[in-house]
Amino acid sequence: MKRLALLVFPLLLAACSSSHPTAPAVTKIAAPAPHVKASIGEHGFDMALMDPAVKACDDFYHYATGNYSKLHPLPASQSRYGSFETVEDRNREILKQIAEEDAAMRNAAAGSNEQKIGDFYATCMATDAVETAGLSPIQPELARIDAVHDLPSLQDEFARLELGAGAVPFRVGAERDYKNSESTIASVGQSGLSLPDRDYYIRSDEKSVKTRDAYLAHVSRMFQLAGEDGARANDEAARVLMLETALATASMTRIQMRDPNARYHMMTLGELQALAPHIEWSSYLRALGVPAGDHLNVQQPDYLRTLDQLLTSMPLDEWKSYLRWTVIDRNAATLSSRFVDESFAFRGAVLSGTKENLPRWQRCIRATDAELGQPLGQEYVRRAFTPEAKAHALELIGNLESALRSDIPTLSWMSDATKQQALAKLSAFTRKIGYPDKWRDYSALTIDRTSYTENVLRARRWAYNYGINRIGKPVDKLDWGRFTPPTVNA
């Protein structure tokens with residue numbers, strides 16, 4: 001952001017220096033159509049996308065981007081649309097071609113990327129089968145929740161849902177040790193909110209109140225789609241909101257979360273047990289496959305302390321309502337259109353302001369990229385990002401690093417000690433360009449053409465286990481985390 005400001009500031013000064021601001025004199029560049037490469041002039045950006053008819057000092061945003069907005073009207077299915085989205089659209093078309101071709105390959109080798117991509121995408125696009133299945137793909141999980149009868153069985157259900165079927169009020173996972181960046185450790189932290197942030201539950205301004213009212217009505221409608229009558233659905237929705245509000249009140253704010261020291265509390269298993277005694281932590285971690293260890297990071301001790309109190313102060317039926325909701329909500333996108341439409345009506349329209357849902361194929365491509373990111377990424381790379389393209393990108397980055405290495409020692413505003421630190425940081429960069437040098441092994445993940453929901457659940461369980469298995473091992477600096485090759489992030 002600072003770099004962008006440095007580039008834009010001279011333009012702003014130049015534009016504000018005249019009562020009739022105009023763009024710097026250059027040869028007129030034809031306005032690019034969507035998906036067409038912009039014409040970059042000597043200034044480093046496309047002048048045709050600016051609107052010099054607007055005074056920069058009155059409305060700099062429209063001065064700098066006004067013509068872009070005219071050439072790229074906001075699609076009804078988007079809450080924002082910029083240069084990232086135009087590239088994403090292009091990539092999505094490539095991914096669609098890959099997925100459709102793989103889905104048509106009924107003789108693909110079992111376990112191959114083509115088989116997994118094709119079967120996953122095919123089950124997502126099989127709308128007749130999805131409609132016929134209705135709620136049935138998640139009925140077994142809902143039945144297990146109904147069978148919860150005490151705290152130990154509630155804990156068992158927490159562990160099951162942690163693996164991907166739903167959300168639970170705390171999260172166990174793997175993270176890099178904040179104070180030893182070479183090590184991967186286990187951590188426990190706050191979680192379990194269905195709205196985007198704790199403040200949605202707590203703020204009292206008019207917009208927040210209206211959003212909560214809309215959320216309450218949405219939860220009730222989803223319960224009704226799941227077969228409950230109106231009165232019971234309203235009661236369940238009220239339980240969900242009350243419990244989530246209690247969790248939100250105990251949660252750290254976003255500002256507090258920015259301080260890594262506030263989220264770093266290494267504890268022994270015994271200390272964690274004393275902090276939250278109503279969860280049997282040894283068996284819980286074992287059920288998740290967390291490797292045995294002496295210590296783990298408890299990110300928010302106060303939150304876990306409050307959660308432990310809620311486990312006994314909140315009636316068991318309220319916890320069961322909450323868990324039923326998280327299963328329905330988290331899997332809504334894989335269920336019949338009634339659930340998809342209602343989920344979009346709140347999450348898309350109310351929360352994001354989007355007017356229309358994405359076409360089915362785009363949602364299926366996003367899901368395939370989310371759950372099978374690296375197998376799909378390998379196919380994408382094979383078609384759209386050749387080794388020569390990667391070599392060219394690496395050469396560009398190498399040139400940039402060389403320029404910085406030459407420039408840093410000449411900077412008058414840096415002390416000698418700061419220059420040394422800057423050069424050390426530059427030398428420590430790990431280049432991650434285009435696609436990983438080492439692909440993840442997805443051989444343990446089974447994908448077939450039986451059920452879209454089950455494919456998603458298996459992929460989530462695989463991803464969770466992949467993360468858990470990193471605990472206790474050195475940090476893999478070549479791992480790309482959640483980014484996939486078609487991801488637009490730079």
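Okay, housekeeping first. The model is predicted, so local features need pLDDT of at least 70 and side-chain atom pairs count only at pLDDT 80 or more, while totals for chains, interfaces and linings use all residues. Residues are numbered from 1 along each chain as its sequence is written, and side-chain values use heavy atoms, with hydrogens and water left out.

Let's start with H9, residues 206-225, and H10, residues 230-250. Helices here are DSSP runs (H or I, at least four residues), numbered from the N terminus. These two pack at about 130°, with axes 8 Å apart. The axes are lines fitted to C-alpha atoms over the stretch in contact, and angles run from 0 to 180 degrees between N-to-C directions. That makes H9 oblique to H10; under 35 degrees counts as roughly parallel, over 145 as roughly antiparallel, 65 to 115 as roughly perpendicular, and the rest as oblique. H9 passes H10 in a right-handed crossing, and that word applies if the near helix is turned clockwise from the far one by less than a right angle, left-handed if anticlockwise.

Who touches whom? On the H9 side you have Tyr215, Leu216, Val219, Ser220, Phe223 and Gln224, and among their partners in H10 are Ala233, Ala237, Leu241 and Glu244. Contact means heavy atoms within 4.5 Å. The residues of that contact split into nine nonpolar, four polar and two charged. For the classes, Ala, Val, Leu, Ile, Met, Phe, Trp, Tyr, Cys and Pro are nonpolar, Asp, Glu, Lys and Arg are charged, and the others, Gly among them, are polar.

H9 also packs on H16, residues 337-350, at about 175° with axes 10 Å apart. H9 and H16 are therefore roughly antiparallel. Thr211, Ala214, Tyr215, His218, Arg221, Met222 and Leu225 of H9 meet Arg338, Phe339, Glu342, Ser343, Phe346 and Val350 of H16. That contact has seven nonpolar, three polar and three charged residues.

Next pair: H7 and H15, residues 316-331, at about 15° and 12 Å between axes. H7 and H15 are therefore roughly parallel, and H7 passes H15 in a left-handed crossing. H7 brings Leu154, Glu157, Phe158, Leu161, Gly164 and Ala165, and H15 answers with residues including Leu316, Trp319 and Leu323. Eight nonpolar, three polar and two charged residues make up the contact.

H7 turns up again at the cavity. Which residues line the largest cavity? Leu151, Leu154, Gln155, Phe158, His278, Ile279 and Leu311 do, with H7 (residues 151-165) giving the most, four residues. On a 1 Å grid over the protein atoms alone, a cavity is a set of points where a 1.4 Å probe fits but cannot get out, and lining residues have an atom within 4 Å of a point. The lining has five nonpolar, two polar and no charged residues.

Last, Ser77, which sits in the loop between H2 (60-71) and H3 (83-104). Leaving out residues up to four places away in sequence, Ser77 touches Thr354, Glu356, Asn357 and Leu358.

Terms used:
1 Å grid on protein atoms, 1.4 Å probe; cavity = no way out; pocket = protein on both sides within 12 Å on 5 of 7 lines; lining within 4 Å.
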